[in-house]
Amino acid sequence: MKRIEILAPAGSYESLEAAVLAGADAVYVGGNKFGARAFANNFSEEQMLEAIDFVHLHDRKIYMTVNTLLKEKEIENELYQYIEPYYRQGLDAVIVQDLGVLSFLRQHFPDLPIHASTQMTVTNVLGAKFLEEQGVERVVTSRELQLEEVREITEQTNLEVESFVHGALCYCYSGQCLYSSMIGGRSGNRGQCAQPCRLPYKVGKSGKESYVLSLKDICTLDYIPELCEAGIYSFKIEGRMKKPEYVAAVTAMYRKYADLYLTQGKKGFAVSRKDKEMLMDIYNRGGFHGGYYHTRNGREMISLSRPNHAGVEAVKVLKQQGKQVTAKALRPLEKGDVLEMPDKKETYTVGQAVAEGQKISFVTHKHQRISDGMSLYRTRNEKLLSQIKNDIFREKVQEKIKGNLILSPGKSAILQLQWKQIAVEVEGAVAEIPQNSPLDVSRIEKQMKKTGNTPFQFEEIQVCVKEEVFLPMQQLNELRRKGLEALEAKIVSQYRRSGSEEVEKEKRGREAKILDAGRSLHLQPEAATAEMYAYAEQGCQLEPIAEASWISRVYIDCNMFPGILQSAKMNEAISFLHEKGKTVFLAMPHIFRDRTRKRYEKNYGKLEEQFDGVLVRNMESVQFLREHSYEKTIVADHHIYQFNHYAKEFWKKYVSELSAPLELNCHELSELGCEGMELLIYGYLPMMVSAQCVQKTTAGCAHQTGFLTMKDRCQKSFQVKNCCEECYNIIYNTAPVVLIDQKREIERLSPAALRLAFTLEDEQRTRQMLALYQEVFLNKAEIGELPFEFTRGHFKRGIK
């Protein structure tokens, strides 16, 4: 049976060493740019080059994350120079999110393997096939997939499949989240997520705060046989922000149980309770869950109240910073354990260790009131982490080699070394006829085996001495050093690549051309008035839109009517809008998983016949339409990211029209070039698309599409839409994007069309906003201060 790749995270060089020591087959790391963990202790160029050689010396692999969206100047001015040294050194693969980056790498580094990040939101075999066609070698599946969906990808493509088996779960489909970006300007698409989903929220009218968006960590030790049999090639462990001890312990655990299954099969496979509790004690967020492999969604996956695990109960109140609070232990605690208060982002460190059931003390770090009877829970067991560190780092990672030393008087000493199939031979000083005592073979052997901190240790060494001979120990040491260095150089040389001067020359010419084109955008005169489009999610919005003669196209959301492709109401709406001179496009689902695909497959004829075109949000929808030879207009929504011209050119091969990114500011949009693109100028933005359901978590499944309200700690209200047919949630921003005061800047961008997106608005509000935009964009009126809360999104500020 094949070996399963255990893929470990390495947020630092120490974590990389820990992963290799613990049995990882491969590690994934971030460099100093373009990684989805911008706040990890990422590798410098020097460290990365050293890391590439380190893993190769130990017959492991290293994958580097370039899994963020790159802006125009970054992809033109920085990406080639960033990747080239690692490419030359022998980097095994790059993990990417941006299809512009994928296109760039295929062009400039054609033999560099590419892995599609989970940020690409690959949710079924359609998306996987699409990426396989682009030359991707491996897909990292969305965490939300069930086991059968993963199996379809492994069985129906030739791709390697990498799936998460342990660690944190995002509430949102990875790559579909703008929550942190829109609220605080820290974009998950740029590796800077502030994790607002880990905060407490109030849902509905109950007034009770809970961690309704905070998922428990995934732990799949028990599922290893099923994961293997589903064809998953690589078991991915999340945690580039975690300590080396965490990386070592989790890696060792998955190595242990993957090997157990591969050697003993299902009958001999069982996970000990002690091992699972150890993983819980290393780090937990209110308990573990098996993830989505057997569960579509559900309350049991959410860490609503952060239940105790080895926690304490406070029995005395002291408020001064740095003071101790007396408490009683609910489970054994050790000095240094980190405790967290369930409803606050506050942590406390245990000050003294005592036996179970006795009182302990812990130190408060902030002016925080600790109430009698308040429970806290342990997020880290420091004693266990220290033990793991001692156990793991007590060992050295050294490869076993074989050697043959030949000594003859009057001839150069010869050392032959072999590691696996790689052999080297080096010569040393000339051996002498001994004047006094000849060298003893056992002494020579003992001296040669002193490999110290090198990557090697002798499994065996044969010393061939044909006559009595003498060679100073210093010369033997020098010969050993020379041999080991030669072996190391030969091992890593297998992975080296040469660059291409022609490619670099062509790249520089293209760069200059693109930058000149970008600069010229600012010099263009104001363009003609763009087309005006409207997007509608509710039926009540259609009549006001239809009456607006200046709206030429209407996008109808796929969840506006139940069973929309078979809905009589939909047919009536299309006829009504056609009578008003509008073209009508279907806005296809945000997530196009298997159950959705089957429904669209069954009703494809009606999709093609009824609608004038479609708005797509994912690769799966694009591939679905390609497989059906769809010939009408396909518009790529802003969910299909086009941050740079490489991405734009890529998508032009597969869709008819493009939408401008929501996270670029007006200057960056100018550099990108908005001609031919559609720009959103009004609407409540969908900040999060999730497989989880807030309605189901808090009140049970309603089996009906609808809205509920969620409030954060600042009493900001967010509307949450449960889309039952597609089984996903959408969380909208608390205020709409309004760009009426940016008319001059918008006209300078020269977009082909402008979109007003109506989601939460009732009929009256829809009319008001249509009238407002008509006044400004058509009638050239000046509007004063608006009487409602709004945001300009990133049109002015952008993201880092």
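**Exercise 1.** Find which residues Thr454 touches, not counting residues up to four places away in sequence, and decide whether Thr454 is buried, partly exposed or exposed.

*Solution.* Contact means heavy atoms within 4.5 Å. With residues up to four places away in sequence left out, Thr454 touches Gln398 and Leu484. Thr454 sits in the loop between helix H13 (441–448) and strand S22 (456–465); helices (H or I, at least four residues) and strands (E, at least two) are DSSP runs, numbered from the N terminus. The relative accessible area of Thr454 is 24%. Buried means under 20%, exposed over 50%, partly exposed in between (1.4 Å probe, protein chains only). Thr454 is therefore partly exposed.

The model is predicted: local features need pLDDT of at least 70 and side-chain atom pairs pLDDT 80 or more, while totals for chains, interfaces and linings use all residues. Residues are numbered from 1 along each chain as its sequence is written, and side-chain values use heavy atoms, without hydrogens and water.

**Exercise 2.** Determine where Asn665 lies, whether Asn665 is buried or exposed, and which backbone nitrogen its side chain reaches.

*Solution.* Asn665 belongs to the loop between strand S28 (658–659) and helix H22 (666–672). Its relative accessibility is 13%, so Asn665 counts as buried. The side chain of Asn665 reaches the backbone nitrogen of His667 at 3.1 Å. Not counting residues up to four places away in sequence, Asn665 touches His794, Phe795, Lys796, Arg797 and Gly798.

Key. A polar contact is a pair of N or O atoms within 3.5 Å; within protein, one must be able to donate a hydrogen and the other to accept it, and residues adjacent in sequence count only if both atoms are side-chain atoms.
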